[in-house]
Amino acid sequence: MSTDETLQLDEAFESLCNQLADSTADLDRDDAWPSDQFQWLSDARVLGWLIPRHFGGSEVTAEHLTVGYERLAAACLVTAFVLTQRNGACQRIAASPNDELKSDLLADLCTSAMFATVGISHLTTSRQHLKKPSVQVRETDSGFVFDGFVPWVTGAKHADVIVTGGTLSDGRQLLAAVETSLAGVEVLAPAKLMALTSSQTGPVTLTDVQVPHSRVIAGPMEQVMKNAAGAGTGSVTTSALALGAAKSSIDHVRVEALQRPELNEIVQSLDTEYGSIRDDMYDSIREGASSNPRLSSESVRQRANSLVLRASQAHLATSKGAGFAKGHPAERAVREAMFFLVWSCPQPVLAAALREFACLAPEFQATLGENVGA
Ligand SMILES: Cc1cc2nc3c(=O)[nH]c(=O)nc-3n(C[C@H](O)[C@H](O)[C@H](O)COP(=O)(O)OP(=O)(O)OC[C@H]3O[C@@H](n4cnc5c(N)ncnc54)[C@H](O)[C@@H]3O)c2cc1C
């Protein structure tokens, strides 16, 4: 059975996607924030997707979630992206053994009444070459004290809670739900980005922030991001967004091809590649990657990244000079595709992209397969 047969998202979801697509250009401004879009997601009950039923959520399957992310990303990448950061926070809170924390936060997180986000990259992909941990944690009788710099937090200015972590002097790490109202939490101005500036992503400083035991999600433990539940770096979610963005560009080329038959072979080739990566992504969700290295999250993400970059360039090239004008969907698609080179990108995926740019891709494909299978 194909993915689309197993998963019919309903008509209300389709009209949500149309609404998001119609407003996506308005979010391509420095001062914008997807607040209306989050209200629509709340109305469509999307915000409860990852929250357990007994807290009012719908606890959708991994396949449902992935199809949903793909469609949302095709409609409006920035809204889909902010949703993933929020859902990353919800997922980690929901997976915590801390019942008090879950009762306090999860019901409110089913709607747009509360906004949570993640600031965890300093434990995974950011600042890993630095000797000193970006956020240091020390234990007290009542909980933990956080000190340091969280470099990337999407929607920090709008957040009630930031799921973030730090490192104790013995190397163990802690993950906690830090309320932005706590003394010592300072949200700095969001960065002006090449694209997705309206995700309002920026740094947060933590100065002697007292986090009580009741706000601990996981730890202290070794490598909290690996050993506590929740989607990891470069997870299937990130590929779903890349494929959704690629699909949107391929569809634009398809529309051009209606008047220009010479473009049909281009659309066909991109479409075939898109279908094959997508099949692997869903097989990876159903079967895992143990039998086939092509199904590893790194392999899927690497190919999804490559496709979204090339599909967006095909979108621009077929739009010609008109597509180069600021505000045209093609120029936005090209800028947005670049995001996948830097967001939640594990080292093997980054290395594969660099080897592809240097035309060293075929050998690396083989190596990636062997490494991942090992
Ligand atoms: C739009 C956007 C939104 C994001 N949102 C979030 C979010 O909500 N939550 C979250 O947790 N993360 C988020 N991230 C972070 C993201 O997932 C990555 O962690 C981040 O892009 C890594 O980039 P960095 O510059 O911090 O990496 P770093 O590795 O810290 O690199 C910074 C610089 O250090 C130098 N450097 C890097 N590696 C080395 C080395 N080995 N030796 C010497 N020098 C080196 C380079 O000059 C590099 O430019 C977001 C990123 C973006 C772009």
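**View 1. Confidence across the predicted model.** This is a predicted model, in which local features need pLDDT of at least 70 and side-chain atom pairs count only at pLDDT 80 or more, while totals for chains, interfaces and linings use all residues. Residues are numbered from 1 along each chain as its sequence is written. The protein has a mean pLDDT (the predictor's confidence in each residue, from 0 to 100) of 92, and 93% of its residues reach 70 or more. Over residues 370-374 pLDDT stays under 50, and the model has seven contacts beyond four places in sequence for them. Where pLDDT is low, predicted coordinates should not be read in detail.

**View 2. The shell around the ligand.** Among the 22 residues around the ligand, those that come nearest are Ser-121, Ser-126, His-129, Trp-152 and Thr-154; a residue is counted as near if its C-beta atom, placed from the backbone, lies within 6 Å of the molecule. Strand S1 (116-119) and strand S3 (143-154) are the elements that give two or more residues to this shell, and S3 supplies the largest share, four residues. Helices (H or I, at least four residues) and strands (E, at least two) are DSSP runs, numbered from the N terminus. Because domain 2 (116-227) and domain 3 (236-373) both give residues to the shell, the ligand lies between them; the domain bounds come from an automatic or database domain assignment.

**View 3. Val-204 in strand S7.** Val-204 belongs to strand S7 (residues 201-212). Val-204 counts as buried because it has 25 C-beta neighbours inside 10 Å; the class buried requires 20 or more other C-beta atoms within 10 Å, exposed 12 or fewer, and partly exposed a number in between, with C-beta atoms placed from the backbone. Leaving aside neighbours within four places in sequence, its contacts (C-beta atoms, placed from the backbone, within 7 Å) include Gly-119, Val-150, Val-153, Val-185 and Val-187.

View 4. Most residues other than glycine have a negative phi, and most peptide bonds are trans. Leu-196, although not a glycine, has a positive phi of about 60 degrees, and counts as buried with 21 C-beta neighbours inside 10 Å. Glu-59, also not a glycine, has a positive phi of about 45 degrees. Glu-59 is found in the loop between helix H3 (35-43) and helix H4 (62-75) and, with 15 C-beta neighbours inside 10 Å, counts as partly exposed. The peptide bond from Gly-219 to Pro-220 is cis, with omega near 0 degrees, and Pro-220 lies in strand S8 (residues 216-221).

Conventions. Contact = placed C-beta atoms within 7 Å.
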